Amino acid sequence: MTRAKEILRTPTMVTFGALLLIIAAFSIMAPGLFNTPGNFLQLAQNVAILTVVSVGTTFVIITAGVDLSIPSGIVLGEVFAVHALEMVGGLDTQPGEVHIGYVFAALGGAILAGLSIGAINGIVVAYMKVPPLLATLGTLGAGLGVALILQNGVNTSTYALDPIGHGSWIAGVPNLIPIALIIVVAGYVLLHMAVFGRHTFAIGSNPEAARRVGINVERHLLKVYLIGGVTAGFAGFLSVAYFSTTSIGGHSTDNLQAVTAVALGGTSLFGGVGSIIGTLIGVWIPAVLKNGFVINGVQPYWQDVAVGLVLIVAVWLDQLRRRSRNRG
Amino acid sequence: MTTARNLPVSWMRNVAWTRNLALVGVLIVLFVVGALIRPDLYSDADWVVNNTLVILQHSAAIGVVTVGMTFVIIGGGIDLSVGALIALAGVWSTTVATQSFGPGGMIFCALAVGIGAGLVNGILVAYGKLVPFIATLAMLVAARGLAAQISGKQTQISGDQFINGLARTRILGVPTLVVILIVVAGLGWVLLNRTTFGRRTVAIGGNAEAARLAGINIRRHTMLLYALSGLCCGIAAVMLTSLATSSQAAAAELYELDAIAAAIIGGTLLSGGRGTIVGSMIGVVVFSTITNLFAIANLPTEVQNMVKGGIIVVAVLVQQLQFRLKKRT
């Protein structure tokens, strides 16, 4: 068996092939509309925020955990960001004004929110041994509640983060795209090129074995949930920057979207297997389907049905492959 | 968790009863808190009875879903698609075409859609060997999309007097929806505790391999569990349609989380093999009572999310503590 064939058989390549097929199909169906650089830039900007949280979720799922509290992490990130802006007096920044200090204040607030919710998740999961599904279900409700109380149920708008959400450092490329790329690269390095990633995989495939080779499993899990929290908080920061407002009710299904993207990307829900690149592809498949359907005049709601089907097929193929490998 | 299975049955029953008593204790505490906040309302006996019925009416739809969810979780699975299935069944049964068949046609349609979608879940999990989390997550996404497709994201008004009347009539002074919940929960209790189907569910959730060696057709049984959950969703869809006199694709959002939370609070083990219908039902009522309490106290409804989240975590912590203590002895 040549190495090329082996690479073609990896789950990531299968999903990547599926994505290419979908793109090719839409390009043939709507030439000149779908396959334009403008459309792809728009797509990349649309998926940027989901990409950021999905990177964090990849780490969590590789440890055989799950983070349902992503929506509350994002919303709290938004809320802390605007509260930080209010504290430094930057909430009423006019469109067009640029104050780097305000941007950093908001970023600090968002990261703080993410760290807090990640720390609670991590402590409850790692040290109190509560199943992740339940622990993060609890912080999902609790976090959203805190956000609503802090905001009195009303959204706050601000233009202070416009330079992040609407600027363009590289000619023609919206800022959210390079920012998401940086997070993806950082996630890739941390997961696939650092000891931290090795430990994450080790804990996911066999926590007891990981413990015996001297990994502090509890502390590592806490760190993984911190990553999940911080990426959610950062996504909240980006969301405020992009939409120029908090969106308390606007993220309720982000956790399921992130899990879908991660699962599409070949990361095993049983832990121990996964990749950042796969997640990146997994984020794109639903987005491309939706975009292509709209351009081709198909009712956009069919995209959800299609995403469900793609998810089933992707995971099913992955399981088939694993079973045949275990046999052989 | 392995220890629980080796312990004598009488002990397990004990734990279930202690837990249910503790939950009833929580209900009493909530009642006392309500009485302290609004003594003017709680001193009126008629109001208290009425309010209790309101709480139960609120519990009705989610309670029915939780019965199905309890079975699925005891059987070692999970069903994330319940909210979406309710929306799909609700929307499908209130299309103009379906409404022309009258209440019987609408109810049949809701139940059939629920069972059908549940069967798909079951086949994917049992025969496709997909992880329940993923299979039902995919169903969640797909069913919501299909519901939006059917309704065109419009709210569909139900013009049927019989269906709409369910939420507005009473049988012997008890709201009809509550009667439906009691019947469903009662049937669920019998099914779980007094039939081979129930025994098998517990056996599969406790130790699937042992159950298989004992000659249980695990695949078929698992499939049926998800179909049962789908059936419960169909019933809940009719109840929600009746309450709102309409259906929409966004109905019952996040019901899956409420149902899972209620079942867990009620003592159902997330890893399967243990759980009671009575516990789940008290869990549902506890959550509805909290919601009701916040409304009465004029507190922002948002705070209840925090309280609910806190309760879930505390309940699981208590569950774990019990296990650790039992392990030591």
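In the exercises below, Ala, Val, Leu, Ile, Met, Phe, Trp, Tyr, Cys and Pro count as nonpolar, Asp, Glu, Lys and Arg as charged, and the others, Gly among them, as polar. This is a predicted model, in which local features need pLDDT of at least 70 and side-chain atom pairs count only at pLDDT 80 or more, whereas totals for chains, interfaces and linings use all residues. Residues are numbered from 1 along each chain as its sequence is written, chains are lettered from A and ligands numbered from 1 in the order in which they are written, and side-chain values use heavy atoms, with hydrogens and water left out.

**Exercise 1. Describe the interface of chain A and chain B.**

Step 1. With contact taken as heavy atoms within 4.5 Å, 39 residues of chain A are in contact with 36 residues of chain B.

Step 2. Buried area is the accessible area (1.4 Å probe) that two parts lose on being put together, summed over both. For these two chains the buried area is about 3400 Å², and 81% of it lies on carbon and sulfur atoms. A:Leu134, A:Tyr301 and A:Ile312 supply 18% of the area that chain A buries against chain B, more than any other three residues.

Step 3. Helices are DSSP runs (H or I, at least four residues) numbered from the N terminus. On the side of chain A that touches chain B, two or more residues come from each of α6 (132-151), α12 (254-264) and α14 (302-327) of chain A. The most come from α6(A), with 12 residues. By class, this side has 28 nonpolar, 8 polar and 3 charged residues.

**Exercise 2. Characterise the second largest pocket.**

Step 1. On a 1 Å grid over the protein atoms alone, a pocket is an open set of points with protein on both sides within 12 Å along at least five of seven lines; lining residues have an atom within 4 Å of a point. Grid points are joined across faces, edges and corners, and a volume is the space filled by probe spheres set on the points. The second largest pocket has a volume of about 1400 Å³.

Step 2. Its lining comprises 45 residues, of which A:Thr253, A:Gln257, A:Lys290, A:Gln303 and A:Asp304 lie nearest the centre. α13(A) gives the most to this lining, with 7 residues.

Step 3. By class, the lining of the second largest pocket has 21 nonpolar, 17 polar and 7 charged residues.

Methods
On a 1 Å grid over the protein atoms alone, a cavity is a set of points where a 1.4 Å probe fits but cannot get out, and a pocket is an open set with protein on both sides within 12 Å along at least five of seven lines; lining residues have an atom within 4 Å of a point.
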